[in-house]
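Hi,

Here is the structure I said I would pass on.

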Amino acid sequence: MNAFANQAHPRAAMLHHLYAHSGIRAGLHSAGIKKDSPLNTMLRLAVPLGMPENVFTSLIQRVQSLGAPPEKAVPLTLVSKPQAFAGEVTARYKVEEKRQMTNGVPNDTQPSIRPKARKQATERDEIAIVGVSGRYPQADNLEEFWQNLLSGRDCIEKRPLRRWDEPLPLDHEEMPETRWGGFINDVDKFDSLFFGISPREVAQLDPQERLFMEIAWEALEDAGYTPESLVNQDEDRKVGVYVGAVWQLYQMLGAEQAQYGNLQTPTSLVWSIANRVSAFMNFTGPSLTVDTACSGSLASIYLACQAIHNGDCTVAIAGGVNLDLHASKWLLTRAGGFLSPHGRCKAFGSDAQGYVAGEGLGAVLLKPLTQAQQDGDNIYGVIKSCTFNHGGRASGYSVPNPNAQAELVHAAIEEANIDARTINYIEAHGTGTKLGDPIEIQALDNAMRRHTQEKGFCAVGSVKTNIGHLEAAAGIAGLTKVLLQLRHRTLVPSLHCEQENPLIPFLTHLSMYRKKRHLGSPS
């Protein structure tokens, strides 16, 4: 601390130096320390109980490698005076000189290229995707996800016993469809102290709420931002958060435990998934959890795009989360006749009989394309149009309406103002049902026919053949697959379709994609 004594705000300057050169976010406290104690001139690091030794060692090495304090004072301005709240004393400071991020750590060698003013988006602005994150079956990150897709890996497995301690009715021989699924790792793990939540409180939070906080943070990191740097200090923090979610299963575990005298109160508050992110990151834009069943994450992206166009927010995080936390989930979907008896999602195949339930979560960071270009962001892809509708009345409540689907695709092509012939790949819903698959392909073909008569130019695939049906997170999984294919300029194969469904008109505009193909360099 003595090295910062000549600065206007020595404690804040020290914290800024720690973060700028090590990426460690820290705070100060003086509980139990005498005012004039020599300990007040030293840096003491408190770490959570139970931190792995290798993580602790790495943390110490990062602190020890800190360079000397800057010769001139860190340009800090006191924004709000210290004030006590709930036992804490907090103060806010503004760093006048901003820094670019390099691998998650601020880079002091480059000035920020972000403009000081931000123009409100208009309805004509296209939306850029500047950050992506996700966790999917047998993939803890997007690099592993891509390798699984590239190699044509089937990530479906037998339901892991580690999820439940006692035998379940799902293990009955007459219910083979309930034995399989796509599962993510470490669904019960969470860095509560990083997000400022006590271990006691976090145990009651739905894992969907906990893990989406991590995914939202990772989307910002992937784009090179922190919550503080995402919005200029002198602007409103109008960042929107939109999340698709449908299942509320975690609370059922508490009800079961109560029967044995173990009173617990786990919660399944889907509205809190989005709001928890907004509260932690201090975002003041719209914060919504959306339940439109299997279209939840895509509906979230649609609403986020509309909010940006309408000026309700300048930037948005959008995505979805889907975790299978209770046995009743399989019983419900089996009763509805949705699950595949052979444990494989055979989208568009002749022997398709249903889908396999899957877990996963993902998010994208969205902003107007012109703003992203001005900010020098890495752009994964551009949303040229975004349309949304309902199927209306069909032959059954859960039966798709081919006319409504075709109209939706036609409207998207019209709004994007593109030549349909330039579309060379479509990531389909492709749940692997005998009824839904032919209707979807027929609707796509009908929409294409309104724009071109050329045949066989567009490939179609479904990520569900790799990871199962992620329901509320299905859309973000499919979008992430498309973005990764664009990034690597490679189409990856869809699985389990050795023989095509004879009811599907693949000999028209669309063709099933089964082999990996490199797309070459853009012209």
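Apart from its neighbours within four places in sequence, Gln485 is in contact with Trp146, Tyr425, Thr490, Leu491 and Val492. You'll find Gln485 in helix H14, which covers residues 474–488. Is Gln485 buried or exposed? Its relative accessible area is 3%, and since anything under 20% counts as buried, Gln485 is buried. Do keep in mind that this is a predicted model.

Next, the aromatic rings. There are 10 aromatic pairs in the structure. Take Phe190 and Phe195: their ring centres lie 5.3 Å apart and their planes are at 10°, so this pair is stacked. The cut-off behind that is planes under 30 degrees apart. Both partners come out as buried, Phe190 with a relative accessible area of 18% and Phe195 with 6%.

Last, two spots where a charge meets a ring. The charged end of Arg344 sits over the ring of Trp180, at 5.1 Å from the ring centre. Arg159 does this with Trp330: its charged end is over that ring, 5.9 Å from the centre.

That's what I have for now.

Cheers

How values were computed
Residues numbered from 1 in each chain as written. Predicted model: local features only at pLDDT ≥ 70, side-chain atom pairs only at ≥ 80, totals over all residues. Heavy atoms only, no water. Phe/Tyr/Trp six-rings, centres within 6.5 Å; stacked < 30°, edge-to-face > 60°. Buried < 20%, exposed > 50% of the residue type's maximum accessible area, 1.4 Å probe, protein only. Lys NZ or Arg CZ within 6 Å of the ring centre and 35° of its normal. Helix = DSSP H or I, 4+ residues; strand = E, 2+ residues; numbered from the N terminus. Contact = heavy atoms within 4.5 Å.
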